Amino acid sequence: MNCPACKAMMSVGVTDLVFRRERSVIVIENVPALVCVQCGESSVESKIAQIAFDMAQKEIAKGVSLEFCNFKVA
Ligand SMILES: [Zn+2]
């Protein structure tokens, strides 16, 4: 896969996803992604993004304001 922004090669790596809702900010770290070697643009598979989203929803439900979570597949 090539970068949607600059068309350079993308390699397997990790990225952080940030979810916000009202006053809650949840950062999911170490999410598997394709990362552009040139500009750093990242692309996360939809099923991976869904898992990260579900993790964030659980944290938001606890009422935290800022939380950093390590990505893991349940
Ligand atoms: Zn790029």
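**Exercises on a β-β-β-α-β chain**

Going along the sequence, the chain's pattern reads β-β-β-α-β. Helices here are DSSP runs of H or I with at least four residues, strands are E runs of at least two, and both are numbered from the N terminus. The model is predicted, so local features need pLDDT of at least 70 and side-chain atom pairs count only at pLDDT 80 or more, while totals for chains, interfaces and linings use all residues. Residue numbers start from 1 along each chain as its sequence is written.

**Exercise 1.** Work out whether strand 4 is largely in the open, and which strand it pairs with.

*Solution.* Start with the cut-offs: a residue is buried with 20 or more other C-beta atoms within 10 Å of its own, exposed with 12 or fewer, and partly exposed in between, with C-beta atoms placed from the backbone. Next, take strand 4, residues 66-70: of its five residues, zero are buried, so the strand lies largely in the open. Now look for its partner, remembering that pairing takes at least two DSSP bridges between two strands. Strand 2 (residues 24-36) runs parallel to strand 4, and five bridges join them. One to look up is Val25, whose bridge partner in strand 4 is Leu66.

**Exercise 2.** Find where Lys7 and Glu22 sit, then check their phi values and exposure.

*Solution.* Take Lys7 to begin with: it's in the segment before strand 1 (10-21). Its phi is near 70°, positive in a residue other than glycine. With 11 other C-beta atoms within 10 Å, Lys7 is exposed. Then go to Glu22, in the loop between strand 1 and strand 2. Glu22 isn't a glycine either, yet its phi is positive, about 50°. Having 7 other C-beta atoms within 10 Å, Glu22 is exposed.
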